[in-house]
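These are my notebook entries on one structure. I looked up helix packing, aromatic pairs and the annotated spans.

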Amino acid sequence: MILDILLSDYKRIPIVTRSYCTACFVTTLAVYLEFVGPHQLYYNPKLLLTTMQIWRPITCFLFLGKLNFSFFFRLLAVYRCCRMLEEDVFRNRTGDLVFMLAFCGFFILLANCFLGSAFLAQSFLMSMIYLWCRNRWYRFINLHLIGQIAFPALFLPLIILLISMVLYKSACMANLLGILVGHLYFFFDGVFPQLGHGFQVLRTPRFLRKLFDEHREPFTEPGMN
């Protein structure tokens, strides 16, 4: 009975959130059980090009660190942020969400060629947090720091960055990269098309919309602006 309830709740999670969180959990569990090692998963352009280890640009976004309390905290953050994007910002536009994630992932990988980070899930999460906070419906929602200090959601990425600068310096560059890539998508999706001579730069490929949204009800809410 309990298993049926858990399975039913699991199936109600939106498909992108469910798929990404499951992949993160399975990958991290596989490392914990020593089926694979972190050295087989991290992003290495040289190994990608010379030995055709084509899984590395994907697995570097899936490993969330050691299987401990911090892992479950990070997984919960991924789950909540991705689900809010999928159910609210990109509601009935799953193809657009997949394209946004692919865009952010690609530019995080590109920038990381110069930074040399091994795993990129933190930057990926930060780009999702940034885009949720910049959405016009949520940017002025009040959040609370330590349950006391209220601030608009728009400032959440900056606050996370400042906290990482003080307490977790190793995550500072990853958070900054995620913010920059998230802003890059936000600018070309929601700002540049509205400028005087602007035009729509980012267009979701038709096959993604056909794959994910063909049988969904129409939804006309604009993207990130």
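**Entry 1: H7 and H9**

I began with H7 and helix H9 (residues 169–191), whose axes come within 7 Å and cross at roughly 45 degrees. Axes here are lines fitted to C-alpha atoms, for helices over the stretch in contact, with angles from 0 to 180 degrees between N-to-C directions. H7 is therefore oblique to H9 (under 35 degrees is roughly parallel, over 145 roughly antiparallel, 65 to 115 roughly perpendicular, the rest oblique). The crossing of H7 past H9 is right-handed (near helix turned clockwise from the far one by less than a right angle; anticlockwise is left-handed). I noted the contact residues (heavy atoms within 4.5 Å): among them are Met-126, Tyr-130 and Arg-134 of H7, and Leu-177, Gly-178 and Phe-186 of H9. By class, the H7 contact with H9 holds eight nonpolar, seven polar and one charged residue (Ala, Val, Leu, Ile, Met, Phe, Trp, Tyr, Cys and Pro are nonpolar; Asp, Glu, Lys and Arg charged; the others, Gly among them, polar).

The model is predicted: local features need pLDDT of at least 70 and side-chain atom pairs 80 or more, while totals for chains, interfaces and linings use all residues. Numbering runs from 1 along each chain as its sequence is written, and side-chain values use heavy atoms, without hydrogens and water.

**Entry 2: H2 and H5**

I then took helix H2 (residues 15–32) and helix H5 (residues 69–89), whose axes come within 8 Å and cross at roughly 165 degrees. The two helices H2 and H5 are therefore roughly antiparallel, and their crossing is right-handed. Residues in this contact include Tyr-20, Cys-24 and Phe-25 in H2, and Leu-75, Tyr-79 and Glu-86 in H5. I recorded twelve nonpolar, two polar and two charged residues where H2 meets H5.

**Entry 3: aromatic pairs**

A search of the whole structure gave twelve aromatic pairs (Phe, Tyr and Trp rings, the six-membered one for Trp, with centres within 6.5 Å; planes under 30 degrees apart are stacked, over 60 edge-to-face, the rest tilted). Phe-61 and Phe-124 have ring centres 5.0 Å apart and planes at 55 degrees, so the pair is tilted. Phe-61 lies in the loop between helix H4 (56–59) and H5, and Phe-124 in helix H7 (residues 121–134), 63 residues apart.

Definitions and conventions. Helix = DSSP H or I, 4+ residues; strand = E, 2+ residues; numbered from the N terminus.
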